[in-house]
Amino acid sequence: AICDGHQTSVRFTPSVYKYILQKKVVLDDLRVEDINMYMCLVDILKSESEEEVNHLAMTFTTSRVHFDCLETVELVKGGSDKAVTLANKEEFVHSFCRWYLIGCVGEQLESIRKGFNFLISSSVMEMFSPHELELMLSGWSTIDVATLRMKTELVGYTWDSQEIAWLFEVLESFSQEQRRLFLQFTTGSPSFPCGEEQTPWKLKIMKSTPTAGNQMLPTASTCFTSLRLPVYPSRVVLREKLLMAITDGQCSFLMH
C-alpha cells in the first residue's frame, strides 16, 4: 500500500500502528479497543485512598483463557507477589495496558513489524506518526460528499442534469458505511486516498443508455474509477437501484 500508493480495506487499532513504529501505548489507546476495560482502569486511577485500592485485592497479574485453560499472567516480574497500592496504581494501569494491547498478541505484532521493516527501513518509518501511517495504509476514514463531488468528472451528463443532482442528494443521505460501500463499488477502495496531490484520481460518472427500463442497475469499473449511471424516472428509483448495486454487487466481477 505504501510503496504502490494503494489503500487497503483493513484498519488496525492505534496500538498496532504504535507497535510498528515502536511508540509507547497509553491508556487512551485502550478506549478504542475496549471501552469497558478502559473505564475500569480509569476507576482504579480515580481511587483516592489506600482503603479503596486495598478493597480491590489486586496484584500485578491478570488472567486469560489459553487453549480452553484459564491461566494467570504476571504483568511484571514477580507480579503475583506485588499488590496494587495507592502508590503504584499508575504503574499497574500502564503495565496492564501494555499487556492487553501488545503483550497478549506480541508474537503476531512482531511478525507484522518485521514485515514492514523488510520492505521499508525502520529509520524511514520513524518520521511518521501512528495517524499518518494509518492514512497512508487506509486513507481517510470519513467520506465527505463535497470532496467526492470535487473529484467527479461527468461524461454524457452535466452538472445541471437532474440525475446528477439526485445522485449527490442520495449520497448525502447515506451513512458513512453506505458511502464506503459506494466508494468501494466505484473505485475498489472504501476510503479517500491520502496525499491526493501525489496520487490524483477522478471518479468518472458516465451516462448509461437504458436497455431494460427501470430494471437496469448502475455498473462500475474500478480499474478506471468510473460509474455508469442509467437515466431513472425519480430519485427514489435511483436510490433503490444504487443501494442494490453497491450492496449486492460488491463481490461480483463481470466482463462486459
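This is a predicted model: local features need pLDDT of at least 70, side-chain atom pairs count only at pLDDT 80 or more; totals for chains, interfaces and linings use all residues.
Two strands pair if DSSP finds at least two bridges between them.

Stop 1: Select strands E3, E4, E6 and E5. These four strands form an open sheet in the order E3-E4-E6-E5. The pairing is mixed. Now go to the edges. They are strand E3, residues 152–155, and strand E5, residues 219–221. Each of these edge strands pairs on one side only.

**Stop 2: E4 against E6.** Select residues 203–208 for strand E4 and residues 226–230 for strand E6. How many bridges join E4 to E6? Five, and the two strands run parallel. Next, pick Ser208 and look across to E6: Pro230 stands opposite.

**Stop 3: the helix pair.** Select helix H3, residues 35–46, and helix H5, residues 89–101. Their axes come within 9 Å and cross at roughly 165°. Angles over 145 degrees count as roughly antiparallel, so H3 and H5 are roughly antiparallel to each other. The crossing of H3 and H5 is left-handed.

**Stop 4: the helix contact.** Show side chains. Which residues of H3 make the contact? Met37, Leu41, Ile44, Leu45 and Lys46. From H5, select Lys89, Glu90, Phe92, Val93, Phe96, Cys97 and Tyr100. Colour the contact of H3 with H5 by class: nine residues are nonpolar, three are charged and none is polar.

Notes:
Residues are numbered from 1 along each chain as its sequence is written. Side-chain values use heavy atoms; hydrogens and water are left out. Axes are lines fitted to C-alpha atoms, for helices over the stretch in contact, and angles run from 0 to 180 degrees between N-to-C directions. Angles under 35 degrees count as roughly parallel, over 145 as roughly antiparallel, 65 to 115 as roughly perpendicular and the rest as oblique. A crossing is left-handed if the near helix is turned anticlockwise from the far one by less than a right angle, and right-handed if clockwise. Contact means heavy atoms within 4.5 Å. Ala, Val, Leu, Ile, Met, Phe, Trp, Tyr, Cys and Pro count as nonpolar, Asp, Glu, Lys and Arg as charged, and the others, Gly among them, as polar.
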